[in-house]
Amino acid sequence: MSKEEYRIESDTIGPVKIPKDALWGPQTERSRNNFPSGELMPLQIIRAFLHLKKAAAESNVEVGDEPKEKGEAIEDAIDHLLALSDEKLRKDFPLHVLQTGSGTQSNMNVNEVVANLANKLHPGLDILPNDDVNRGQSSNDTYPTTMNIVAVEALDKLEPAIQHLIDELVIKEKKYWKTVKVGRTHLQDATPLTFGQELSGYISALKHDLSYIQELKPTLYELAIGGTAVGTGLNAAPGMTEKIAGKLSEVYGHEFKVKTNKFWGLAHHSGLDVVHGALKTLAADMFKIAQDVRMLASGPRAGYHELNIPANEPGSSIMPGKVNPTQAEAVTMAAVKVFGNDTTITVASSQGNFEMNVFKTVIIASFLDSCDILTGTITGFADKMIHGLTVNEDRMDELLENSLMTVTALSPHIGYHAAAKIAQTADKEGTTLKEAALKSGKVTEEQYDKWMDYMKMTNVDKSTPEE
């Protein structure tokens, strides 16, 4: 940088060259140069920091620990920043996730930008990043506070996506509640069920996953703010943190609380770890559901072809007319990424050395990534695959007629071993099950037709679709 392109500011280490028009200060600039790798700090974190700093400024004024004019200037600067689009906001928040594991440099990035903007908007107040914007706070309690806030925000977006997929599946479940097909276990033919019943299993899995998330989510309402450096609350004014929790609850629509163990809040991230476990479970169920759908839609001539899937885009650059289960592929890729994120979060959560965990930034980045890709791919799967999904009933009937495992319906009448022998004979001789049954002499044609009732085998009339 030429002299005209930068200004010089100092921190406790010494002078730093900073781009002339940048709102950040020396600590941000050091981090920008020291840690240039990986993804940028998510803007959700930055916006949560801004809301937290605004709540802290208001609270410090209310408890008499911050001059009113300084507090109002800080609030004004933050309101200006919060009003910016993501593109414009990013300009002054250039730091990466892979920085100090406490998130200190992102906390200071916010402090510096807010202070410099407040001084521009309100000259003469001399608002300082550490003494004023960061008053009564530490990176060690502000960053974990923002972690929980943005995790809750991300779950707020994921939950409707899960419910939307459930709703789309329920429509198909009701439509195909009495569409009989062959069942499969161990990738081998099994007794019949209806496609609606098969879908009801998917719906139940997703309902359970949604309930796990909703039941575990409140653990994230416990905020670390007020712990300051090591959990003791040194330098935080009495009553400040309770006011912060109230203000953040109003902003985000959740009942955040600060009456919690701060030593735990700084050194452990149990809540994020356990909630992400529910995301991993959701990902596992989504993998299974998407895998089933793409397998049942395989073909159209050389696969199962029980399902017809929408043709969203050409499936091949060389094979004309090919349709691929791309939405299922997106979901399964997202799922394996979530599995990896879960390992990252589990290992990172174990690294709470003494009074602080120093893997905070990678924990929350991984958590947000999981929420984002699950939200997007589940929505796409619901809208672009399940919504347009239809059943190939002729193919289902064909496979059911050729199945040998419907012989199970004969077992109560002629015994397990006799029924097994009929199935084995049909398989060996390449005949139908009926031909083998009549040939065995154990069953008359009238009995066979009476007992071989596919719909009755499903017990579908003894249950109802999911609501």
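Modeller: Let us begin with leucine 187, whose place is in the loop between S3 and strand S4 (188-194), and keep in mind that the model is a predicted one.

Colleague: What makes leucine 187 count as exposed?

Modeller: The relative accessible area of leucine 187 is 69%, and exposed means over 50%, so leucine 187 is called exposed. Its backbone deserves a remark as well, for phi of leucine 187 is near 65 degrees, which is a positive value in a residue other than glycine.

Colleague: What is said of the peptide bond from glycine 299 to proline 300?

Modeller: That bond is cis, with omega near 10 degrees, and proline 300 itself lies in the loop between helix H11 (270-296) and strand S5 (307-308).

Colleague: How do you know that lysine 54 and aspartate 79 form a salt bridge?

Modeller: In general terms, side chains of opposite charge can pair when their charged atoms come close. For lysine 54 and aspartate 79 the N to O distance is 2.7 Å, and a salt bridge requires the side-chain nitrogen to be within 4 Å of the carboxyl oxygen, so the pair meets the condition. Lysine 54 lies in helix H2 (residues 43-62) and aspartate 79 in helix H3 (residues 68-82), so their pairing ties together parts that are 25 residues apart in sequence.

Colleague: Why are lysine 54 and aspartate 79 called partly exposed, and not buried or exposed?

Modeller: Buried means under 20% and exposed means over 50%, with partly exposed in between. Lysine 54 stands at 21% relative accessibility and aspartate 79 at 35%, so both values fall in the middle range.

Colleague: What makes lysine 178 and aspartate 461 a salt bridge, and which parts do they tie together?

Modeller: The closest N and O atoms of lysine 178 and aspartate 461 are 2.9 Å apart, and the cut-off is within 4 Å. Lysine 178 lies in the loop between helix H7 (139-175) and strand S3 (180-185), while aspartate 461 is in the segment after helix H19 (454-458), so the pair ties together parts that are 283 residues apart in sequence. Lysine 178, at 48%, is partly exposed, and aspartate 461, at 59%, is exposed.

Colleague: Which residues do salt bridges join into one network?

Modeller: They are Asp65, Glu66, Lys70, Asp132 and Arg135, which are joined by salt bridges that share partners. In the whole structure the search finds 27 salt bridges.

Colleague: Which residues of the largest nonpolar core touch the most other members, and why is this core said to lie between domain 1 and domain 2?

Modeller: Of its 103 residues, Ile364, Phe367 and Phe381 touch the most other members, and H7 gives the most to this core, with 15 residues. Domain 1 (15-134) and domain 2 (145-226 + 261-391) both give residues to the core, so it lies between them. Phenylalanine 381, for its part, touches residues including Leu165, Met286, Val331 and Ile386, when those up to four places away in sequence are not counted. Apart from this core lies another, of 21 residues, among them Val180, Leu433, Ala437 and Tyr454.

Colleague: How is the protein chain divided as a whole?

Modeller: The division gives domain 1 (15-134), domain 2 (145-226 + 261-391) and domain 3 (403-460). The centres of domain 1 and domain 3, taken over C-alpha atoms, are separated by 75 Å.

Notes: Residues numbered from 1 in each chain as written. Predicted model: local features only at pLDDT ≥ 70, side-chain atom pairs only at ≥ 80, totals over all residues. Heavy atoms only, no water. Helix = DSSP H or I, 4+ residues; strand = E, 2+ residues; numbered from the N terminus. Buried < 20%, exposed > 50% of the residue type's maximum accessible area, 1.4 Å probe, protein only. Core = buried A, V, L, I, M, F, W, Y, C linked by side-chain atoms within 4.5 Å. Domains from an automatic or database assignment. Contact = heavy atoms within 4.5 Å.
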